[in-house]
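This report walks through selected features of one chain. Look at the structure first, then read on.

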Amino acid sequence: MDKLVKQIEKIREINKQHKLVIFVGAGVSQNSGVCSWWELVKDIAIRIDYNDICEKCKMKNLICSECGETLELCSFDNDECQYKHNYSSDEFLKIPQYFYEEKGEEQYIQLLKEKFGGNYESNEIDNLILDIKPEHIITTNYDHLLEDTKNINVSKYTIIKSDKDLLTETGKHYIIKMHGDKDDFNENGINNIVLKEDDYLKYSHTHEIIESYIKSLLFDKTFMFVGYSLNDNNLKLIMSYIDYYVKSQGIKKYNSHYLITNRIEHKERDNKYWDNKNVEVVDLAALSNFMKEKTPCSLNTYGKPLFSFLMYIKDNNLPFYEDKKEQLKYTLLKNIKSVEPFNRISYTTLLSIGAFSHNTELQDESLNINDETEYNNLLEILEQNDSDSSEIKKYFIKSGVYSIHNKSNFKYLLASEEKTDELLNLSMIWAYPEIIKRFPSIKNDFKKAYYSLLIYKTENNICLDILSNIELEINLRDFKQLTPKDKYQIAILKFNQIAIGLLRYQKQKEQLDNLGYFLDSVATENKTFECIKKIYNDNGKEINKLNNLLLKHEEYYMRKTTMTKYGGTIYGDLFKLQAIVYDYYYFYKKNYLMLDWFNNVSKMCEPYIKAILCTYYPDEYQFSNPALGRTQVKPYPLNLTDVNLIIRHVKYKDFISWLSYYKVFSLSLIDELNITEIFDNFCISIRSFWLTEYAEYINLFGKLLSLVELSKDERHQILLSFLKLVTPDYKISIKMLRNCLKALWLFADKHYNADESSYYQLLELLIDECLLTDPLDMRNDYINLIHILSSQADKKIYDKCCAIIDKCDSERKKAYYPYVFKDILLKHEPTKWTKWIIDNLEHNWAEEVFDYLEKKIIPYNEVVSKYFEEKLKARKETPGVILYPDNKSELVNSIVILHILGIIPNLDSMTYLKRYCTEYVYLDFLFNPGSFDYSSINTADYMWCNFINSNEYRDIILKHKSEFWTKENEKRIELGFGSSFENMIAYKYLFG
């Protein structure tokens, strides 16, 4: 049976490569009632009283050794005689020829119509042959059983009955009637029928084009003969002219062909005979009862096993063994070689190959097998401790599976050792200098090219040179004899060449099309190529799947419905998303696909990162029904992969938005994650291999560090790493510090410690005029940093600030620089600098004046009042034009807030705002509370929450509560759709 299984697998592979041609003989048509060639010749022989075999038969003339008389052992009329119709190959051709010559053409045609002209119906085998979808079908039968099937695939084939058809009919796939068609049973078409001796002798002339076409298929196609016996004369004739053609043309290498039969009388002799003709005999007798159990009853003794065999050719998922453990072991071992070139394969490929139950899934690098039988079968295979078991374990590990466990929580470890991909591990902890040190020892050119691009994106000549050398080497190979490893390397090369071209903004349409065609062809041979194909096609289906899982996960955690859910895991559906994203991430990285600089990865990561943040959604915002209880959930601690996905593949503004949406105020890390070492490597690598893209990475890392709890020692080490990164020298300018301002502020805002002396060094670096004149997007981060670090300032720092201000060459700078340094200046000479601020107030921006007032650095007086009045007058508006940002509205709102805070104590000092009452609803309320329309109050507007929170205005507003507060508002707050400030105000003052 092992030989038969290998033959089936080989034919399947040939068919996947679109190289299978099926020859269909009379044995297939017999299942529909059509006579065989032997039956036809026998009938003809009887009709012409052909008895040469009987005349020569020794049994008729045996003489008794005792009496000397002739023994009557045979009767000529006995059709049961096993010798009577045992015709030679020569006779199979001559008997029809004799009939034609003796009876004439008219009776010859009548005979053919009688034997083949009936209304026969296609059988299951005809249908199955079309299900297999071979490249071509060639038949020696005259009937229409193949072309009359109701199988939809028949429409893909063009029917070829004669040489003329090959010249005039169009099509990619053919059904070739090489011996003619029953429609030719007339005086005009009789020359197209091949049956008698003359037809075979003249075949090369009467069917020259068909014969040449069939011969041409020998170069790259494989023939599979069904419906022929080993002694079938049609088969022998076909193979003889093929064999002669091959030898006459000196063809040394050509494909083996397959002859499917259920009867081999002399195995050794017959196999040797057909081997010499480059034909493998497939013995259907080797089919097990298990493989034949679903055979249709309507087929004959040859048709039944043939049907079973063809079903196995058609369906790759049919098991060969009844024992599921044996089948699983066979399947896994069979596929190991096909994935050998890949450094990583998809766990979904593994599940598909192993035909595991649909609820088998990957969770945190462990394969959960819920089916007890499947789990025990796999466990027995893995525990055998032989070479097969070792190979299968490697296969699982290559899929990212490091253990298996079942619903009883029993876990079997496949590997206890750490993952050994050293360069990948170094890249994950940002140890780029260490990777560079190892470059000379990297033997894999794809690996070297990948990591050179990862580190030197903008200087990728090293990578280009490596890929060019790989291409030259691949082009020297014989493309007709490509190995799986060759195809793997071609796919990786083409993919990476396109990636580099896109990074250089080069048009890649032709290259993308070529890659698509190539992947289409190799993916039919090897499922693992489907993963590259999905990445090439942008993985749209996977992203949709991830987003659908995210929606379920959000409901699980955020309780947007009023249902209590039971079951599931403490992390919701997070691991389902993780399995898909990790699978994608490690597949492209371990196979050296240069995707790191593209947003394809970001699209895949986004739903997963959101799902992580969702696990931190606070309890106070979740629905809870004390009577029913609620499914327990936990915040998920980030591991090294998660940190890499966030830093490398998330945009800072998106991350901030997600944190806000999921109300994340802190994050946790797994215990073994050394975040200080990773960040130190990160800073060293950025300083050593600076790329402009890393500015985004720095901000993300800064935000991440601001969300995790750090020990005093960790905070110290991270600050030193920051200083290592931003301190200027002969290579690195102050611009490095500028690009790190946001990250530094985020870190210091959360972790600042006044006793940490290293902050003095940072403050000293920050007092630099280059940073004062940098773009506006850095302004607030810089000012915030100076403010928080000002407690470190000594006389030296103070003098440095003064020196910068003394060099000011504009009125704006004289107002702005002291604003930035205000905490340091006022700490040393408060009187001097307070006066300076007031004297230069008109050159400050409004937000700076608000800051002075809020911090009570200056009082609200006539100077400030006049400043605001002038600013409002200066805001000229154009009818019909909406300005963004609306500076006038912002100015009015800010003045109102100062009033609510009591910094502007009474309305009499704000009379300049009265003229704007019709424009701004807040001013209308302040100056006209008696006539104000209270139904216009909207608590979703933070300003109205400020008014309600104010002791001065709360009572006035609450008297009119019924005019603006409704049941719909209450429902919205109850469902958690209000901001934290609005929720507080509503529950404190507005609910009954």
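Contact here means heavy atoms within 4.5 Å. The model is predicted.

Leaving aside its neighbours within four places in sequence, Asn681 is in contact with Ile429, Trp430 and Ala431. The side chain of Asn681 also reaches the backbone oxygen of Ile429, at 3.0 Å. Asn681 belongs to helix H30, residues 675-688. Its relative accessibility is 15%, so Asn681 counts as buried.

Ile948 sits in helix H46, residues 942-949. With 0% relative accessibility, Ile948 counts as buried because the limit is under 20%. Leaving aside neighbours within four places in sequence, Ile948 is in contact with Thr939, Arg954, Ile957, Ile985 and Tyr989.

**The seven-stranded sheet**

Seven strands form an open sheet with parallel pairing. Their order is S3-S4-S2-S1-S5-S6-S7. The edges are taken by strand S3 (157-160) and strand S7 (279-283). Each has a single partner strand, so one side of each is left without a neighbour in the sheet. Direction ignored, neighbouring strands of this sheet are turned by 20° against each other on average.

| Strand pair | Bridges | Bridge partners, one example |
|---|---|---|
| S1 (residues 20-24) and S2 | four bridges | Ile22 and Ile137 |
| S2 and S4 (residues 173-177) | three bridges | Ile137 and Ile175 |
| S3 and S4 | four bridges | Tyr157 and His173 |

In strand S2, Ile137 is the bridge partner of Ile22. In strand S4, Ile175 is the bridge partner of Ile137.

Which residues of strand S2 lie on each face, and are they buried or exposed? Strand S2 spans residues 136-139. His136 and Ile138 are on one side, Ile137 and Thr139 on the other. All four are buried, and both faces of S2 are covered. In a regular strand the side chains alternate between the two faces of the sheet.

Helix H10, residues 208-216, lies across S1, S2, S3, S4 and S5. H10 runs at about 125° to S4.

**A helix pair**

How do helices H22 and H24 pack, and at what angle? Helix H22 covers residues 484-503 and helix H24 residues 529-536. Their axes are 11 Å apart, at an angle of about 10°. That makes H22 roughly parallel to H24. The crossing of H22 past H24 is left-handed.

The residues that meet can be named on each side. H22 brings Pro484, Lys487, Tyr488, Ala491, Ile492 and Phe495. H24 brings Phe529, Ile532, Ile535 and Tyr536.

Conventions
Residues are numbered from 1 along each chain as its sequence is written. This is a predicted model: local features need pLDDT of at least 70, side-chain atom pairs count only at pLDDT 80 or more; totals for chains, interfaces and linings use all residues. Side-chain values use heavy atoms; hydrogens and water are left out. Helices (H or I, at least four residues) and strands (E, at least two) are DSSP runs, numbered from the N terminus. Buried means under 20% relative accessible area, exposed over 50%, partly exposed in between (1.4 Å probe, protein chains only). A polar contact is a pair of N or O atoms within 3.5 Å; within protein, one must be able to donate a hydrogen and the other to accept it, and residues adjacent in sequence count only if both atoms are side-chain atoms. Two strands pair if DSSP finds at least two bridges between them. Axes are lines fitted to C-alpha atoms, for helices over the stretch in contact, and angles run from 0 to 180 degrees between N-to-C directions. Angles under 35 degrees count as roughly parallel, over 145 as roughly antiparallel, 65 to 115 as roughly perpendicular and the rest as oblique. A crossing is left-handed if the near helix is turned anticlockwise from the far one by less than a right angle, and right-handed if clockwise.
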